[in-house]
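Colleague: I'd like to go through this one with you. Can you bring it up on the screen?

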Amino acid sequence: MSLQKINLQKPLVHCITNYVVANFTANGLLAIGASPVMADAVKEAAEMASKSNALLLNIGTLNEQTIKSMLLAGNSANVKNIPIVFDPVGAGATNFRLETTMEILQQLKINLIRCNVGELAAIAGVTWQAKGVDSGVGELDVAETAMHVANKYNCLVIVTGKQDVITDGIRIEWIVGGHEKVTKMTGSGCLLSALCAAELASCENAFEDLANLLRDYKQASSNAYSTIGTFHMNFLNQLEYLAEGHQ
Amino acid sequence: MSLQKINLQKPLVHCITNYVVANFTANGLLAIGASPVMADAVKEAAEMASKSNALLLNIGTLNEQTIKSMLLAGNSANVKNIPIVFDPVGAGATNFRLETTMEILQQLKINLIRCNVGELAAIAGVTWQAKGVDSGVGELDVAETAMHVANKYNCLVIVTGKQDVITDGIRIEWIVGGHEKVTKMTGSGCLLSALCAAELASCENAFEDLANLLRDYKQASSNAYSTIGTFHMNFLNQLEYLAEGHQ
Amino acid sequence: MSLQKINLQKPLVHCITNYVVANFTANGLLAIGASPVMADAVKEAAEMASKSNALLLNIGTLNEQTIKSMLLAGNSANVKNIPIVFDPVGAGATNFRLETTMEILQQLKINLIRCNVGELAAIAGVTWQAKGVDSGVGELDVAETAMHVANKYNCLVIVTGKQDVITDGIRIEWIVGGHEKVTKMTGSGCLLSALCAAELASCENAFEDLANLLRDYKQASSNAYSTIGTFHMNFLNQLEYLAEGHQ
């Protein structure tokens, strides 16, 4: 249902994302009927954001120029009430990523943070052993921390993993299912963040529609299950299939 | 026929293109027997262009450094009569893209502009409602405008869409067929521009051979028809298949 | 055997690599159970390298910023005895690449150079006709030259091609087999370099384990043989399959 709404509305999603997953993100958005546009030059970021239906900020391969562009695009989106999804990739992996994450959260009004548990810990200031851009290991009450972050930054928070959780700081919902093979496909979290941006551009009820999107995404990974090369192909097939209203 | 010539001559195509489609472009060129080389540093763009058989300039994720590199590479190619294909991705989407497009067209001798109808409108100065890097909507006599642009910049122009058109400013030819699913594969236009560059490096008669290339490309998309993940795989299979002389 | 060790140890591999193959490299590392992290900002390269199990430096789309990052990351890895694999993509294609290659070899302690024969010639100062980032043509005693380079830079050298060779400057071993179709898949050499980095992070005996990795890689390409789109999918499937201990 959630993907179908996107497919009907075909929102334009401005992505400032990392070069590792840019192609996969574009193809995933196209598979569900959305229109991706990638533009990270300082000279055009604000203008492109102002003409889009949603903005995705992803710090997976950040540098000093793209941080400037993210802030310019974010301010431009905020002025026009265009929803912003923030994906703080590897927030706990280096000081540079953590500082950038905090700068973005402080300077912009973010509608949704989509992260893994290690990134949530970094944002919340909890001690955690990160492993690059993977979740890493540590002790954390995910629900409590996610609600705390949602309240602090007045936004929705989605933390994905074996179980996904979504919260607006008051309500909380867990989504189970899916197949862990999805974690062997680079950018699976990044693409989900982009689809969330498309959802926020298309939905009536953000919390419920995003929860449904998480269910669809888990279903796509279950349906795609195979060896990893075939899984990639199947997963895009499934996204398109679900967006067209099949079960 | 058109792809087969490329497969026999195996031209080296220097691509200054966007990071979203760089991998797909390289794989598409390799599928038809051409050799891609990506090099966008200011310090090597001119030298790499001078050693290549064709140059592709694509502004899909432009920034101030890559614009400098495009101009340096383009001048270098012009000096040695190496053909240049220009793909003005999203020319109408932001002022920065339009200014860059005009700078490239004014400073370089371009052999072929390969664009969609929205980008054609931007180049011709026609009012148009762009949607990111997609075609967008508006009123335009595509044939007349393409011929005007071809005459103004003394180059070939290919405008792709449901029907493709190619013109040298005097002759004009329409190519029909293909499958619209190709538009759900990011970089399908960008790859076509790269294949056109390989064609210009390999052909005897640019107009006719490019028209044949457009036919091959449409045939590949028809033959590849499937759900979108499978379509990606099939499309590369088909390019290789056609380049090897199968029907 | 070689890939299985990686799959058990799941090393974190910091890749400073080109944007053409970043996605494919990440997916190839994930397929064999390793964790990729891409980070090329000057402000975080050293820190990320210091927290990783291996470092890959690949100059496929180098620029002045990424060269700085490579040197910073490399110094950081050297201090902590973290193994470094260097992939001098297109070292002979432009002066900028050759100068960068020499700067890296002079300033850093490299554990393994993984290159093609044209790049080997460039490093050794042998006259050679490069073709972009492909091998090109010329006369070279590959074994003798590889041993010379291995001795000069006190490192392992792997030169891949129709036959692969590995040397530590004293021992030398040739690996045959595989399918040439692998050269039609962009980044096949770049991914191999990344897998070598994962191997160096996981192995007991570098020379023997890398030779086994070369055998596994050739087996994967033989097993994957198909038209090129299907080959891509099959190849990732095969890497995962071999890493899981199947034959």
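Colleague: What does the secondary structure of chain A come to?

Modeller: Keep in mind that this is a predicted model. Chain A has 10 helices and 10 strands.

Colleague: And how compact is chain A?

Modeller: Its radius of gyration is 16 Å, close to the 18 Å that the globule rule gives for 247 residues, so chain A is as compact as a globular protein of that length. Along the principal axes, the C-alpha atoms of chain A fill a box of roughly 40 × 40 × 35 Å.

Colleague: How much of chain A counts as buried?

Modeller: 65% of the 247 residues.

Colleague: Let's pick one residue. Where does Thr25(A) lie?

Modeller: Thr25(A) is in helix α2 of chain A, which covers residues 22-31.

Colleague: Is Thr25(A) buried or exposed?

Modeller: Buried, because its relative accessible area is 0% and the cut-off for buried is under 20%.

Colleague: Which residues is Thr25(A) in contact with, leaving aside its neighbours within four places in sequence?

Modeller: Cys15(A), Met38(A), Leu191(A) and Ala194(A).

Colleague: New topic, the two chains. How many residues does the contact take from each?

Modeller: Chain B gives 30 residues and chain A gives 27. About 2,400 Å² is buried between chain B and chain A, and carbon and sulfur atoms give 54% of that area.

Colleague: Which three residues of chain B supply more of its buried area than any other three?

Modeller: Tyr19(B), Lys131(B) and Lys184(B), which supply 25% of the area that chain B buries against chain A.

Colleague: How many salt bridges are there between chain B and chain A?

Modeller: Four. There is a salt bridge between the side chains of Lys43(A) and Glu64(B), at 3.7 Å from N to O.

Colleague: And how many residue pairs are in polar contact across the interface?

Modeller: The rule finds 19 between chain B and chain A, counting pairs with both residues at pLDDT 80 or more.

Colleague: Which helices of chain B each supply at least two residues to the side that touches chain A?

Modeller: α5 (95-107) and α10 (228-243) of chain B. The most comes from α10(B), with five residues.

Colleague: What does that side of chain B have by class?

Modeller: The side of chain B that touches chain A has 11 nonpolar, 13 polar and six charged residues.

Definitions and conventions
Residues are numbered from 1 along each chain as its sequence is written. Chains are lettered from A and ligands numbered from 1 in the order in which they are written. This is a predicted model: local features need pLDDT of at least 70, side-chain atom pairs count only at pLDDT 80 or more; totals for chains, interfaces and linings use all residues. Side-chain values use heavy atoms; hydrogens and water are left out. Helices (H or I, at least four residues) and strands (E, at least two) are DSSP runs, numbered from the N terminus. Buried means under 20% relative accessible area, exposed over 50%, partly exposed in between (1.4 Å probe, protein chains only). Contact means heavy atoms within 4.5 Å. Buried area is the accessible area (1.4 Å probe) that two parts lose on being put together, summed over both. A polar contact is a pair of N or O atoms within 3.5 Å; within protein, one must be able to donate a hydrogen and the other to accept it, and residues adjacent in sequence count only if both atoms are side-chain atoms. Ala, Val, Leu, Ile, Met, Phe, Trp, Tyr, Cys and Pro count as nonpolar, Asp, Glu, Lys and Arg as charged, and the others, Gly among them, as polar. The radius of gyration is taken over C-alpha atoms; the globule rule is 2.2 Å times the number of residues to the power 0.38.
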